[in-house]
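Please look over the sequence and model before reading on.

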Amino acid sequence: MTTNAYEVTLEIDGIESVVQLDDTYPSVEDWKTATHFAMMLARHNHPDAVHIELVSVAEYEAEEYEDYGYIYPAPIALQ
């Protein structure tokens, strides 16, 4: 099983910021959910930001997990 990684580039009030994620996060399954997660993370970390815009999304296979035989999907835990 390959693990996909995502680099989501956002512009937060005119300053570019890159959020690096992979699909080992419970709420990240594809580029759309990675983008949503990055936008919510930016909104949480910058609550006073006026403009948060998506600049780009890059998807690639994560090399740091190549030595693992299989990675089980992370379950979503409700609290």
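Strands E1 and E2 run antiparallel and are joined by eight bridges. The model is predicted: local features need pLDDT of at least 70 and side-chain atom pairs count only at pLDDT 80 or more, while totals for chains, interfaces and linings use all residues. Residues are numbered from 1 along each chain as its sequence is written, and side-chain values use heavy atoms, with hydrogens and water left out.

**Strand pairing**
- Strands (E, at least two residues) and helices (H or I, at least four) are DSSP runs numbered from the N terminus, and two strands pair if DSSP finds at least two bridges between them.
- Alanine 5 has aspartate 22 in E2 as its bridge partner.
- Two residues separate E1 from E2 in a hairpin, and aspartate 13 in the turn has a positive phi of about 50°.

**Nonpolar core**
- Twelve residues make up the largest nonpolar core, among them Tyr6, Val28, Ala42 and Ile52; such a core is a set of buried Ala, Val, Leu, Ile, Met, Phe, Trp, Tyr and Cys residues joined through side-chain atoms within 4.5 Å.
- E1 (4-12), E2 (15-22) and helix H1 (31-45) each supply at least two residues of this core, and the largest share, four residues, comes from E1.
- Not counting residues up to four places away in sequence, alanine 42 touches Leu10, Ile12 and Ile52 (contact: heavy atoms within 4.5 Å).

**Threonine 9**
- Threonine 9 lies in strand E1.
- Threonine 9 counts as buried because its relative accessibility is 11% (buried: under 20% relative accessible area, 1.4 Å probe, protein chains only).
- Leaving aside neighbours within four places in sequence, threonine 9 is in contact with Glu16, Ser17, Val18, Glu53, Leu54, Val55 and Ser56.

How values were computed:
Buried < 20%, exposed > 50% of the residue type's maximum accessible area, 1.4 Å probe, protein only.
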